[in-house]
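Here is a short report for a reader who is new to this structure. Please look over the sequence and the model first.

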Amino acid sequence: STAEVRGRLERGAKGSRWFVFGHGAKCRVTKQYKHLGIVLDERLQMGPEIARRCRQSNVALHQLRPALRCRSIRMNTRRKVIMAAVIPRLFHGAETWPDLLPRWRSRLEAAYLHAIRVVTGEKPRDGTWLSLEQCLVIYDLPGIDEIVSKRRLKFMADMVNAPDYISGFFR
């Protein structure tokens with residue numbers, strides 16, 4: 001049986017909202033909720049988490065910019081920088097994400113493409129930029145679906161190979 005939660009919403013100082021339970025306990029109503037390192041909005045959507053991941057990958061790029069200005073760095077080394085610094089920040093926790101909605105996918109694609117362009121020094125060719133798919137082929141990088149599916153498979157393998165006292169929680 002499910003218990004019904006009774007209470008009322010109240011306004012606090014500076015426009016904050018509080019839910020007051022029937023027995024008097026208060027709980028603040030927030031627009032975002034952080035659970036196990038993942039930020040969810042009030043409808044339990046992944047939008048804030050995707051935005052957070054994109055910001056963190058941009059921070060990593062910003063920290064790497066001085067080193068990437070050196071023209072003598074080979075393209076293979078630049079590719080490894082993307083694999084080691086950008087992808088882990090952009091796709092951290094992706095093994096537990098639900099299927100990507102189109103708006104989340106486009107946001108991740110834009111951040112990934114921006115990272116590829118910054119790291120490789122990619123410039124427009126004949127006045128047009130290369131698409132994400134073209135960059136992935138040219139620089140031999142994995143696509144978003146491939147990254148997410150590999151992370152999910154690795155997570156499942158870790159759960160299967162986990163000791164009984166850990167994997168028992170998930171059975």
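Which residues line the largest pocket? The lining is made up of Arg65, Leu68, Arg69, Arg71, Arg78, Arg117, Val118, Gly121, Glu122, Lys123 and Trp129. One caution belongs here: this is a predicted model.

## The pocket

The largest pocket holds about 190 Å³ of space. Two elements give two or more residues to its lining: helix 1 (47–68) and helix 3 (102–120). By class, the lining has seven charged, three nonpolar and one polar residues.

Arg71 is one of the lining residues. Arginine 71 sits in the loop between helix 1 and helix 2. Its relative accessible area is 69%, so arginine 71 is exposed. Arginine 71 and threonine 120 are 49 residues apart along the chain, and their C-alpha atoms are separated by 10.0 Å.

## The overall layout

The chain has six helices and five strands. Their order from the N terminus is β-β-β-β-β-α-α-α-α-α-α. The chain has 171 residues, and 31% of them count as buried.

## The nonpolar core

In soluble globular proteins, nonpolar side chains tend to be buried together. Here, the largest nonpolar core has 32 residues. Those with the most contacts inside this core are Ile50, Ile82, Phe91, Trp97, Leu108, Tyr112 and Ile116. The elements that give two or more residues to the core are helix 1, helix 2, helix 3, helix 4 and helix 5. Which helix gives the most to this core? That is helix 3, with nine residues.

## The aromatic cluster

Phe91, Trp97 and Tyr112 also form a cluster, linked by ring pairs. A pair of aromatic rings is described by the distance of the centres and the angle of the planes. There are two aromatic pairs in the count.

The rings of phenylalanine 91 and tryptophan 97 have centres 6.5 Å apart. Tryptophan 97 has 4% and counts as buried.

Phenylalanine 91 and tyrosine 112 form an edge-to-face pair. Their centres are 6.1 Å apart, with 90 degrees between the planes. This pair links distant parts of the chain. Phenylalanine 91 is in the loop between helix 2 (75–90) and helix 3, while tyrosine 112 is in helix 3, 21 residues apart. Are phenylalanine 91 and tyrosine 112 buried or exposed? Both are buried.

## Cysteines

How many disulfides does the structure hold? The number is zero. Cysteine 54 has a relative accessible area of 5%, so it is buried, since that value is under 20%. Cysteine 135 has 0% relative accessibility and is buried as well.

## Two loop aspartates

Aspartate 126 is not a glycine, yet its phi is positive, about 55 degrees. Aspartate 126 lies in the loop between helix 3 and helix 4 (132–138). Its relative accessibility is 81%, so aspartate 126 counts as exposed.

Aspartate 140 also has a positive phi, near 55 degrees. The loop between helix 4 and helix 5 (144–160) holds aspartate 140. Its relative accessible area is 53%, so aspartate 140 is exposed.

## A contact across the sequence

Arginine 151 lies in helix 5. Why does arginine 151 count as partly exposed? Its relative accessible area is 23%, which falls between the 20% limit for buried and the 50% limit for exposed. Arginine 151 and alanine 94 are 57 residues apart in sequence, and 6.8 Å apart in space, C-alpha to C-alpha.

## Accessibility at a glance

The table gathers values for residues named above.

| Residue | Relative accessible area | Class |
|---|---|---|
| Cysteine 54 | 5% | buried |
| Cysteine 135 | 0% | buried |
| Tryptophan 97 | 4% | buried |
| Arginine 151 | 23% | partly exposed |
| Aspartate 140 | 53% | exposed |
| Arginine 71 | 69% | exposed |
| Aspartate 126 | 81% | exposed |

Notes
Residues are numbered from 1 along each chain as its sequence is written. This is a predicted model: local features need pLDDT of at least 70, side-chain atom pairs count only at pLDDT 80 or more; totals for chains, interfaces and linings use all residues. Side-chain values use heavy atoms; hydrogens and water are left out. A disulfide is a pair of cysteine sulfur atoms within 2.5 Å. Buried means under 20% relative accessible area, exposed over 50%, partly exposed in between (1.4 Å probe, protein chains only). On a 1 Å grid over the protein atoms alone, a cavity is a set of points where a 1.4 Å probe fits but cannot get out, and a pocket is an open set with protein on both sides within 12 Å along at least five of seven lines; lining residues have an atom within 4 Å of a point. Grid points are joined across faces, edges and corners, and a volume is the space filled by probe spheres set on the points. Helices (H or I, at least four residues) and strands (E, at least two) are DSSP runs, numbered from the N terminus. Ala, Val, Leu, Ile, Met, Phe, Trp, Tyr, Cys and Pro count as nonpolar, Asp, Glu, Lys and Arg as charged, and the others, Gly among them, as polar. Rings of Phe, Tyr and Trp (its six-membered ring) pair if their centres lie within 6.5 Å; planes under 30 degrees apart count as stacked, over 60 as edge-to-face and the rest as tilted. A nonpolar core is a set of buried Ala, Val, Leu, Ile, Met, Phe, Trp, Tyr and Cys residues joined through side-chain atoms within 4.5 Å.
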